[in-house]
Amino acid sequence: MPVNLLDFDLESLRAWLAARGEKPFRAQQLMRWMHRGLAADFESMTDLSRDLRAKLAEGSEIRAPGVLRDSIALDGTRKWLLDVGVGNGIETVFIPEASRGTLCVSSQVGCALECAFCSTGRQGFNRNLSAGEIVGQLWHASRALGADAAAGRRPITNVVLMGMGEPLANFDAVVTALRVMLDDHGYGLSRRRVTLSTSGMVPWMDRLREACPVSLAVSLHAPNDALRDRLVPINRKWPLAQLLAACRRYVESAAAAGGDEDGDAPAAGAPALKWQRRGAPRDFITFEYVMLQGVNDSPAHARQLVDLVGDLSCKFNLIPFNPFPDSGFERSRPEAVAAFQSVLMEAGFVTTVRRTRGDDIDGACGQLAGRVMDRTQRAVRREVGEAVRQ
Ligand code: SF4
């Protein structure tokens with residue numbers, strides 16, 4: 001199979017070209033053609049010599065996952081089901097808003113972590129995506145949305161790794177893909193506009209901090225270990241004390257590294273809030289918290305959360321649960337979400353409630369189902385388990 005050039009970041013592309021006797025600066029040209037010009041072939045790369053173009057066409061290609069389905073919701077949310085071979089599909093979702101366009105990208109085919117409320121987790125795990133398949137989602141969506149770097153048209157301003165899979169369980173490919181997203185010769189996104197969401201793989205949070213400190217979101221979902229052990233089973237391996245300590249290390253190191261200009265700034269005239277008061281005005285962890293009726297959504301849970309995070313620079317994002325068949329959970333009532341939010345806000349934490357988007361195309365959080373051939377045989381294990389219990 002030809003080498004997929006979408007698999008390379010600038011450094012590895014340089015090395016690949018050097019091994020073929022090409023000058024290092026060719027890597028920058030190629031990156032720009034692929035990720036800024038969104039070229040699909042080498043013919044259009046007119047500042048490369050005819051010889052080099054022919055050589056590239058012989059042994060390599062620019063290969064993003066093909067499209068199986070393209071759906072647009074009434075609210076403009078767009079979802080692609082992309083083909084990653086052997087009957088497997090992954091999903092990529094574009095969420096347009098007034099001031100930004102966010103692309104939600106998948107990092108694995110399925111997920112092995114079995115979070116109790118997550119439809120992707122229910123499907124089991126097949127494999128990690130390659131860096132080219134991760135970047136390929138951004139490449140494809142940019143083309144489909146008519147991005148044009150030369151004309152300054154950038155429909156995708158933010159990328160979140162919150163689709164299928166646990167990104168830190170596919171560390172090397174994800175970091176390569178992140179580097180392409182941040183590279184000025186690639187998509188040129190600021191690190192504050194690229195967010196990786198993890199369920200809390202503590203050692204890899206530290207590695208990410210060193211390798212590519214993009215914004216970090218943590219799927220918290222519970223304020224104590226007993227409840228989190230049930231909802232996010234990886235908590236049994238890395239409990240809350242370890243997770244929170246890793247969050248602190250991440251924020252401190254990101255702040256020390258400094259950063260770029262854009263990102264979330266305090267609203268003009270708004271009172272100073274906790275994370276804005278503490279030294280690192282824009283470096284913070286976003287805690288994702290899915291609201292499950294009668295499970296984790298009481299004011300007492302919110303107060304526990306306040307105690308848990310203490311003085312950590314953080315924001316909360318409350319996510320109304322998106323029900324799916326046999327989930328065993330229900331969405332919290334709006335009054336419960338509002339009361340929960342009030343407790344956090346009164347304690348000084350910026351707390352947003354995620355608007356549900358793309359309901360009519362199942363584009364909302366936790367509904368990224370795709371199609372997965374489950375190598376973990378989770379469905380079989382579940383059936384056997386149920387049979388044994390009966
Ligand atoms: S919530 Fe994320 S980590 Fe948990 S099972 Fe779903 S995709 Fe995996």
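**Helix packing, sheet and ligand shell**

Modeller: In this predicted model, the axes of helix α11 (residues 299-309) and helix α12 (residues 334-346) come within 9 Å and cross at roughly 25 degrees.

Colleague: Which residues make the contact?

Modeller: From α11, P299, A302, R303, L305 and V306. From α12, A339, F340, V343 and L344.

Colleague: How do those residues divide, polar or nonpolar?

Modeller: Eight are nonpolar, none is polar and one is charged.

Colleague: Switching to the sheet. How many strands, and in what order?

Modeller: Ten strands, in the order β3-β4-β5-β6-β9-β10-β11-β12-β13-β14. The sheet is open and the pairing is mixed.

Colleague: Which strands sit at the edges?

Modeller: β3 (66-72) and β14 (351-353), each pairing on one side only. From one strand to the next, the twist averages 20 degrees.

Colleague: What about β10 and β11: parallel or antiparallel?

Modeller: Parallel. β10 (residues 194-198) and β11 (residues 215-219) are joined by four bridges. L196 has L216 of β11 as its bridge partner.

Colleague: Now the ligand. Which residues surround it?

Modeller: C111, L113, E114, C115, C118, T120, G121, M164, G165, E166, S199 and S219.

Colleague: And how does that shell divide?

Modeller: Five nonpolar, five polar and two charged residues.

Terms used:
Residues are numbered from 1 along each chain as its sequence is written. This is a predicted model: local features need pLDDT of at least 70, side-chain atom pairs count only at pLDDT 80 or more; totals for chains, interfaces and linings use all residues. A residue is near a molecule or strand if its C-beta atom, placed from the backbone, lies within 6 Å of it. Ala, Val, Leu, Ile, Met, Phe, Trp, Tyr, Cys and Pro count as nonpolar, Asp, Glu, Lys and Arg as charged, and the others, Gly among them, as polar. Two strands pair if DSSP finds at least two bridges between them. Helices (H or I, at least four residues) and strands (E, at least two) are DSSP runs, numbered from the N terminus. Axes are lines fitted to C-alpha atoms, for helices over the stretch in contact, and angles run from 0 to 180 degrees between N-to-C directions. Two residues are in contact if their C-beta atoms, placed from the backbone, lie within 7 Å.
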